[in-house]
Amino acid sequence: MILAALWLLLDWLLRAFLRHLMRAAVERVRASEGDEIKKQSVEQRMKTIHQLMSQLLRVLLAVIMIFWILGSVGIDLRPVIAGIGVVGLGISLAAQNIIRDYINGFIILVEDQYNVGDWIDVNSFQGTVELFTLRATRLRDIEGNLVIIPNSTVQTVVNYTKGWSVAVVKVSITYESDYAKARSIMLELANEMAAADGGTILGAPVFHGITNFGDNSVDMRVLIKTQPGRQWDVSRKYRERLKELFDAGGIGFAYPQLVLHKSEDNSAEK
């Protein structure tokens, strides 16, 4: 009972120490001078490493305490250790996928492919990385579903919140609309948002002009560089304001339509 209580106490102290270490490190990063985007990336990476350290150290503590308890009750540990070695060899041969999970998880961590808090697309699933271990990645998708992906199956990753992001706004207007006026409205709105933003928008917006002549539309596109993960919020606000300005300026948004032409029969009636 005493050793079990000591185990619980040490486990609590370990978690408290790691939390304190994590808070101190995050505060130091936030107080340092440098690019805000890089500081956010470092902070997310530190959170990921904190999760892994907490899991590994707690497992190590559990192994030590179990051996201590077994030794305290007079169990000879040498055959136990030998048996664990044999069982471990058998498991390693039978569970090669699990070994690949850990190897790939280590590669993901070292290469900094994604961290806790990133929004990623992997294996046709999209979501926020809620938990990352060397064994698996847990995503929380937009509907609140928890998706668990073994790291060995991670092949191609799309990280939408790494370094910086871009809000891509595609607009289609009718052929009858004034293109020059629409262009002016889109550019002025983008520059106005960038000037009044306060740091979310990075650099000057880029207007690509006419990107395509559709069956019923003239297609245009504007790109707005943003901080990681802010592209959706910026594009949503841009579209809301653009709708108001286009309505006020008489610019019509294109939509699918079908025009029927009726031929006239000019032949003389018999």
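I took the expected span of a helix as 1.5 Å times one less than its number of residues. I took helices (H or I, at least four residues) and strands (E, at least two) as DSSP runs, numbered from the N terminus.

**Entry 1: basis.** I worked on a predicted model, in which local features need pLDDT of at least 70 and side-chain atom pairs count only at pLDDT 80 or more, while totals for chains, interfaces and linings use all residues. Residues are numbered from 1 along each chain as its sequence is written, and side-chain values use heavy atoms, with hydrogens and water left out.

**Entry 2: helix α6.** I checked the length of α6 first. Its 19 residues should span 27 Å at 1.5 Å a residue, and the end C-alpha atoms are 26 Å apart, which agrees. I then listed its buried residues (under 20% relative accessible area; exposed is over 50%, partly exposed in between; 1.4 Å probe, protein chains only). They are Gln231, Asp233, Val234, Ser235, Tyr238, Leu242, Phe246 and Gly249. These residues pack against β6, α5 and β8, where contact means heavy atoms within 4.5 Å. After α6 comes Gly250, with a positive phi near 75 degrees.

**Entry 3: helix α5.** I repeated the length check on α5 (residues 179-195). For its 17 residues, 1.5 Å a residue gives 24 Å, and the end C-alpha atoms are 24 Å apart, which agrees. In α5 I found Ala182, Ile185, Met186, Leu189, Ala190 and Met193 buried. Seen down the axis of α5, the buried residues fall within an arc of 120 degrees, so they line one face of the helix; the arc is that of the directions from the helix axis to the C-beta atoms. The face turned away from this buried side carries the exposed residues Ala180, Glu188, Glu192 and Ala195. I noted that the buried residues of α5 pack against β6 (165-173), β7 (206-213), β8 (218-226) and α6 (231-249). At the N-terminal end, Asp178 caps α5, with a side-chain oxygen 3.1 Å from the backbone nitrogen of Ala180.

Entry 4: I read strands as paired if DSSP finds at least two bridges between them. Three strands form an open sheet in the order β6-β8-β7, and the pairing is antiparallel. β6 and β7 stand at the edges with a single partner strand each, so one side of each is left without a neighbour in the sheet. The twist averages 25 degrees from one strand to the next; axes are lines fitted to C-alpha atoms, for helices over the stretch in contact, and angles run from 0 to 180 degrees between N-to-C directions. α6 packs on this sheet, touching β6 and β8, and its direction makes about 25 degrees with that of β6. I counted six bridges between the antiparallel strands β7 and β8, and Val206 stands opposite Leu223 in β8.

**Entry 5: the five-stranded sheet.** Five strands form an open sheet in the order β4-β3-β2-β1-β5, again with antiparallel pairing. I identified β4 (146-150) and β5 (157-159) as the edge strands, each pairing on one side only. The twist averages 40 degrees from one strand to the next. Strand β1 (residues 119-122) pairs with β5 in the antiparallel sense over three bridges, and Asp121 stands opposite Val158 in β5.

**Entry 6: strands β3 and β4.** Strand β3 (residues 136-140) and β4 pair in the antiparallel sense over five bridges, and Leu139 has Val147 in β4 as its bridge partner. The two strands form a hairpin with five residues between them, and Gly144 in the turn has a positive phi of about 90 degrees. In a regular strand the side chains alternate between the two faces of the sheet. In β4 I found Val147 and Ile149 on the covered face, and Leu146, Ile148 and Pro150 on the uncovered one.

Note on methods: A polar contact is a pair of N or O atoms within 3.5 Å; within protein, one must be able to donate a hydrogen and the other to accept it, and residues adjacent in sequence count only if both atoms are side-chain atoms.
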